[in-house]
Structures are given as structure tokens and as C-alpha cells.
Amino acid sequence: MQIYDTLTRAKVEFTPREPGKVSIYVCGPTVYDVPHVGHGRTAVVYDAIRRYLEWRGYNVTYVRNVTDVEDKIIARAAREGTTEGEIARRYELLEREPLERLGVLAPDQVPHATEFIEPMLELVGELVDQGHAYVIDGAGVYFDVASFPSYGALPHRTLEQLLESAGARVEVDEAKRSPMDFALWKAAKPDEPSWDSPWGAGRPGWHIECSAMSLRLLGERFDLHGGGDDLVFPHHENERAQAEAAGHAFARYWIHAGMVTIGGDKMAKSAGNFVTLTEALDAHGPRAFRLAALQTHYRTHGDLGDPELAAGRTTVARLDALLRRARAAGVAVDADPDPGTVDEFRAAMDDDFNTPAAVGAIFAAVTRANAAIDEDRAEDAGPLVAAVVALTGALGLEISAADEADAEIDALVKRRDEARADRDFGEADRLRDELAARGVALEDTPTGTVWRRARGSDE
Ligand SMILES: [Zn+2]
């Protein structure tokens with residue numbers, strides 16, 4: 001199996017630390033706001049990688065942290081006149097809910113930063129003792145980047161280049177030895193959460209959390225370290241520097257997921273193209289989202305707006321339609337999966353988790369299965385349909401053979417919801433009438449529209 005490793009900048013053969021086992025650490029959210037479609041894509045990417053490794057027979061340990069103490073959480077708590085703990089709990093739940101809808105499997109462990117202060121202090125102590133960190137009175141403990149010769153290796157930059165590109169964004173602080181030095185431990189400010197330490201009361205810097213928690217939970221030389229590619233620098237480089245400078249062998253492979261764009265543009269609140277994950281799932285459904293997300297290679301930046309999600313919905317409908325047709329035609333969908341399709345899928349996924357090619361292999365089987373059903377060759381269709389069901393399942397996508405009439409009504413109800421959301425009430429009324437003509441009654445509830453067949457309808 002080949003994986004593209006960000007540190008070596010090459011596709012390399014994947015050899016796990018222990019045969020048959022894979023340990024993964026992925027940087028999770030700082031919980032102070034609702035997730036957007038970019039968070040959804042990253043979650044789906046690592047969920048598909050994890051599921052594939054399990055399908056491949058590995059015993060996977062998957063850790064995804066929650067940053068529950070951080071400047072943005074503190075700022076939000078102050079703004080809303082509540083506690084940091086309340087903000088963190090609220091947004092952790094709001095983050096989990098759409099991921100559950102997406103069928104993202106819960107991590108094996110979800111370490112919270114505030115529960116791992118002890119190992120963080122231990123690591124800071126090691127760095128201070130070994131001369132890689134220094135204390136600034138009243139500010140905290142800082143990492144000395146000049147003491148770590150390979151600093152910059154993960155983003156492939158020299159210290160000079162990093163300084164130059166950071167430019168004016170680096171905070172000028174006379175007390176720091178280099179503007180690139182970063183906080184391991186931040187001295188307590190009034191009204192902020194703090195813990196005791198040998199360097200005075202304070203709280204951990206963001207980067208030290210992940211170094212300490214990944215080493216504590218997965219051990220040295222754990223296999224895969226992942227996250228969005230916006231984390232390569234400084235977050236992941238600082239994690240690596242902290243761990244390795246203190247003498248701990250760190251992640252064996254670094255894998256990074258690309259960002260979501262909308263119509264080719266970076267998604268940003270300021271650009272007005274910001275879409276929350278819940279909005280996207282309400283409009284197009286979680287399966288369409290997962291499929292559309294997997295149709296872009298995980299390392300690439302890719303569009304995941306309405307056109308892509310609508311296309312995803314159509315593609316999911318093709319999968320459902322195949323299963324319904326197969327059942328109706330008496331095809332044995334529990335046959336052994338077609339080996340050629342399985343091989344093609346595996347080859348694609350073994351090549352740096354090439355999900356677009358893997359989905360392509362599945363749809364080649366869909367086309368052949370439909371042709372076999374058309375030609376009354378049920379015995380040929382069976383293994384192909386079985387492969388489609390098994391392999392979409394390996395990517396976390398469930399095919400549903402729900403009644404076609406129901407699916408059509410679902411689609412009309414969804415279109416009406418969208419029309420209402422767009423304040424196109426003429427279209428919404430027209431769709432309500434069309435549904436009424438089919439004997440369907442609608443009820444608008446706070447959680448969405450539900451429908452039922454009106455009494456006397458012939459269906
Ligand atoms: Zn992290």
C-alpha cells in the first residue's frame with residue numbers, strides 16, 4: 001500500500017509499526033463554532049481511510065482530539081457571558097451531530113485537552129530541561145526553534161523562508177529569541193482558565209496538546225498523523241518539533257487533506273460563500289455529501305457546493321435504483337462479490353487512497369450490472385451487485401432499496417423545502433399541490449417536513 005507522506009513529499013510504501021495494526025491521530029476541532037462543509041469533508045476523508053484500513057483487515061486505533069481550551073473559546077465565553085466549559089460542551093455536541101448524520105464512525109478515543117494537562121506539563125518540562133524551551137517572565141514558556149535544526153522540514157521551508165513568508169503576521173515580541181518561537185505554556189491572565197505549573201499558573205499552548213496526547217495514547221512512532229492541509233504549518237510542524245526535540249520519535253507518516261472550495265474560490269465567511277455542514281446535509285442529504293466528497297482525491301482542493309452535492313444526490317439515486325431493480329429481477333444480491341471489481345477497487349485505494357478511482361470501479365460495475373439485468377442474466381448481475389453493495393459499504397456509503405415511489409415523494413418534499421428556504425413560495429405551493437394530487441399530506445414540523453399518504457389514497 002502506498003501513501004503520500006507530507007514530510008518526505010513522496011508516495012511511500014506503508015509499513016505499520018506493528019504488523020496488522022494501524023494507529024491514527026487526527027487533529028479534531030477547536031469547539032467554539034458550528035462546523036462548515038470543509039469540516040465535513042475532512043471528517044469523511046479520514047472516516048473512509050479508517051474504514052478502508054479496517055476492511056483491509058487492519059486493527060485500527062483512531063484518536064481524534066477536541067481542543068476545549070483556546071483563545072477563541074475564551075473570547076466567545078466572554079462575549080456571551082458564560083464559561084469556557086459551557087461553550088466547549090455546546091459546540092462539541094453541535095459538531096458531533098452532523099458527523100453522526102454523515103455516518104462518520106466515532107473515534108476510539110476523543111481526548112480533551114483539559115484532561116491531559118499532566119502529560120503536557122511533563123513534555124514542557126523535558127523541553128526546558130534539555131534547553132529547547134525558555135521562560136519569559138509574565139508570558140510563559142516558549143519553544144526555541146533555533147535549537148531544533150530540522151525546524152521547517154514538514155512545510156519544506158528553511159527558518160529564513162518561514163520568517164519571510166510570515167512577514168508582518170508574526171507578532172513582534174522583544175522577549176522572544178526568534179519571532180518564530182511559540183508558546184508551550186501561556187501565563188494565566190485574569191478571568192481565564194488556568195492550571196498550576198512549575199512555571200506559574202497558566203494554560204497549554206495549542207500545539208503542545210496534540211504532541212502530548214498522541215504520544216500518551218498511541219505511543220512513540222505511531223503510524224499516521226492527519227488533519228487538514230492548513231495545519232501543516234505551524235501546527236503540525238510545531239507538534240513534531242516539540243516531540244522530537246524532547247527525544248520522542250513521532251508520527252511515521254503525515255497525511256493531509258485538501259480544503260473545500262466553492263466555485264473554485266476558497267470558502268470564507270467574509271467571501272459570503274460560507275455553508276454550514278448542517279445546511280448542506282439538510283439540502284442534499286448525508287449520502288450525497290459523502291459520495292461527492294469522495295469523488296475528489298483527499299489531497300486535492302476541490303469544490304463541494306450545490307452543483308457537486310446535487311450531482312452526488314443523482315449518483316446515490318443510481319446506486320439505490322440498481323439495488324431495487326436487482327431485487328425486483330430476482331438477482332441474488334448476497335452472491336460472492338465480483339473479484340475483478342474488488343481487485344480494481346483495492347488497487348485504487350492502495351494507491352494513496354484514490355477514492356475517485358475506487359468510486360469509478362464501483363460505477364463500472366453498476367453499468368455492467370444494469371446491462372446484465374436488461375438482458376435477463378440474473379446470474380451475471382448477482383456478483384456485480386454484491387460487489388457494489390460491499391465496496392460502497394467499505395467507504396461508509398449505505399445503499400437503500402427503499403420503495404421507488406417513496407424516494408420520488410422524498411425528492412419532491414425536499415424540493416419544496418428548498419423552495420421555501422429560497423422564499424419561492426409560488427414553487428413551494430405548486431409542489432404541495434402536486435404532492436396532494438398523489439394523495440400525499442404534508443406536515444411542517446420544527447425539525448423538517450414529514451409526509452404521509454392521505455387516507456383513501458390508492459397507494
Ligand atoms: Zn493537533
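Me: What makes Asp47 and Arg51 a salt bridge?

Reply: Their side chains meet at 2.8 Å, N to O. The term asks for a side-chain nitrogen of Lys or Arg within 4 Å of a carboxyl oxygen of Asp or Glu, so the pair qualifies. This is a predicted model, where local features need pLDDT of at least 70, side-chain atom pairs count only at pLDDT 80 or more, and totals for chains, interfaces and linings use all residues. Residues are numbered from 1 along each chain as its sequence is written, and side-chain values use heavy atoms, with hydrogens and water left out.

Me: Where do Asp47 and Arg51 lie?

Reply: Both are in helix α1, residues 37–55. They are four residues apart, about one turn of the helix. Helices here are DSSP runs of H or I with at least four residues, strands are runs of E with at least two, and both are numbered from the N terminus.

Me: Are Asp47 and Arg51 buried or exposed?

Reply: Asp47 is buried, and Arg51 is too. Buried means under 20% relative accessible area, exposed means over 50%, and partly exposed is in between (1.4 Å probe, protein chains only).

Me: Why is the contact between Lys186 and Asp71 called a salt bridge?

Reply: The closest N and O atoms of Lys186 and Asp71 are 3.6 Å apart. That is within the limit, so the name applies. Lys186 lies in strand β7 (residues 182–187) and Asp71 in helix α2 (residues 71–80), so the pair ties together parts 115 residues apart in sequence.

Me: What makes Lys186 and Asp71 partly exposed?

Reply: Lys186 has a relative accessible area of 25%. Asp71 has 37%.

Me: Which parts does the salt bridge between Glu80 and Arg90 tie together?

Reply: Glu80 and Arg90 meet at 3.0 Å, N to O. Glu80 lies in helix α2 and Arg90 in helix α3 (residues 84–101), so the pair ties together parts 10 residues apart in sequence. Glu80 is partly exposed at 35% relative accessibility, and Arg90 is partly exposed at 28%. Glu80 and Arg90 also belong to a salt-bridge network with Asp33, Arg76, Glu86 and Lys269.

Me: How many salt bridges does the structure hold?

Reply: The structure holds 36.

Me: Where is Thr158, and how do you know that Thr158 is partly exposed?

Reply: Thr158 sits in the loop between β6 (140–143) and α5 (159–166). Its relative accessibility is 38%, so it falls in the middle class. Thr158 and Arg90 are 68 residues apart in sequence and 40 Å apart in space, C-alpha to C-alpha.

Me: Why do β11 and β12 count as paired?

Reply: Pairing needs at least two bridges found by DSSP. Strand β11 (residues 260–262) and β12 share two, in the antiparallel sense, so they pair.

Me: What makes β12 and β13 edge strands?

Reply: The open sheet has three strands in the order β12-β11-β13, with mixed pairing. β12 (265–266) and β13 (302–303) each pair on one side only.

Me: How many helices and strands does the protein have, and how much of it counts as buried?

Reply: The protein has 15 helices and 15 strands. Of its 459 residues, 49% count as buried.
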